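Keep the viewer open as you read.

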Amino acid sequence: MSVKFSPGLEDTIIKQTSLTFIDGINGILRYRGYDIEDLVKNCIFEELIYLMLYGDLPNRQELNEIKEKINKNYQVPEEVIRMIYSLPREANAVGMMESAFGMLASIYDPKWEKTLNRDVAISVIAKTATITANIYRAKEGLKPNNPKIKSTYAETFLSTAFDRNVSEEEISSMNAALILYADHEVPASTTAGLVACSTLSDMYSSITSALAALKGPLHGRAAEDAFNQFVEIGSLNKVEEWFEEKIIKGKNRLMGFGHRVYKTYDPRAKIFKSLAESLSKKNEKANEYFKIANKLEEIGIKHFSEKKIYPNTDFYSGILFYSIGFPVYMFTALFALSRVLGWCSHFIEYVEEQHRLIRPRAIYIGPEKREFKKIDQR
Ligand code: ACO
């Protein structure tokens, strides 16, 4: 067997996929052949759920059927909500999601079966909305909410999270964010989940693995860190000075910039930017952050474009979430809310079509054989 050393698995193709196509050189992203721009402009998240799980966009009847299935699955076992509320308010939101999915894994423990897998995925996706909304509520000190079922997934989620009427623009922005973050081939989180489900561990446990990988600052947490840069900068006239100090002299990474696959402007970042610009106009603070981000982007591109480092999806998404009314600590959880669709779709594709236990090798670089010494002789 010839084995190639590939740190970071950069040169490793782990699966085939019909789900997501990325052209990192030309900045193209497609889900099942459809350009991300067309999907964001024309679809509700439920249409994307159908597309990813069943292979095609739904007709009206199929859309109604999947909406009905989702509506029946928003309810989360009471003990999971109780557990969320038993955690300290300062607990990490994604850590709370991991705990919730760990509990769901112990309660449901579903087997992988072709006739059941998509139903399990729908249960995961619907329950994530209720779990995420209640994590926000628990951390804000608000009482738990049962799912408030509305006409779309985005509206149901926002209505469950907030005790207020949500505007059409907030719903459509949330819907767009759900579509933009839904899948991205096999980043660290999807790969971590694939490792778990390759052992035929259940879908809820595999989601827990994916969440653990998403939580890190080099992956999902970048949206929080990117936004915190705008907060730290504080005003438009400090952007240049901050960049010089923190990034050039301090040699810190510019968060929300750079990508393993995109060597050009991330197509999702373009859409997030225009949505964030429009939504932030209604919120003075958010609008200030948008202007700071825009200036930081300009300086960042000037400095980094030679290395092909451009804004990624996390650069502007935080401004959109903040404009809707979410605190920074929720940004990665909101990313996860959307990405569970991609995770479930990849797990199903892998288990049903190309299953193989994922078990790479390591090159041993430790000492040669040594003579064992009993404890008193060491
Ligand atoms: N700021 C400054 N320099 C950077 C950045 C950045 N954001 N990203 C990469 N670089 C530089 C590195 O310092 C390195 O420079 P060198 O060759 O002179 O040593 C070079 O670019 C290559 O960097 P790597 O880390 O090897 O590239 P990799 O493909 O692993 O990077 C990553 C991808 C981890 C996303 C990186 O760009 C990064 O850390 N970005 C900031 C965090 C971030 O925004 N993550 C979100 C990613 S998108 C997502 O998860 C949805």
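T20 has Y31 of strand 2 as its bridge partner. Strands here are DSSP runs of E with at least two residues, and helices are runs of H or I with at least four; both are numbered from the N terminus. The model is predicted: local features need pLDDT of at least 70, side-chain atom pairs count only at pLDDT 80 or more, and totals for chains, interfaces and linings use all residues. Residue numbers start from 1 along each chain as its sequence is written.

Four bridges join strand 1 to strand 2 in the antiparallel sense. Two strands count as paired if DSSP finds at least two bridges between them. Three strands make up the open sheet, in the order 1-2-3, with antiparallel pairing. Strand 1 (20-23) and strand 3 (34-35) each have a single partner strand, so one side of each has no neighbour in the sheet.

Now step back to the domains. Domain 1 covers 20-219 + 327-353, and domain 2 covers 222-324. These bounds come from an automatic or database domain assignment. The C-alpha centres of the two domains are 25 Å apart.

How do the domains meet? Contact means C-beta atoms, placed from the backbone, within 7 Å. By that criterion, 26 residues of domain 1 are in contact with 24 residues of domain 2. On the domain 1 side, strand 2 (28-31), helix 1 (36-42), helix 8 (168-180) and helix 16 (331-353) supply at least two residues each. Helix 8 gives the most, with seven residues.

Technical notes
Two residues are in contact if their C-beta atoms, placed from the backbone, lie within 7 Å.
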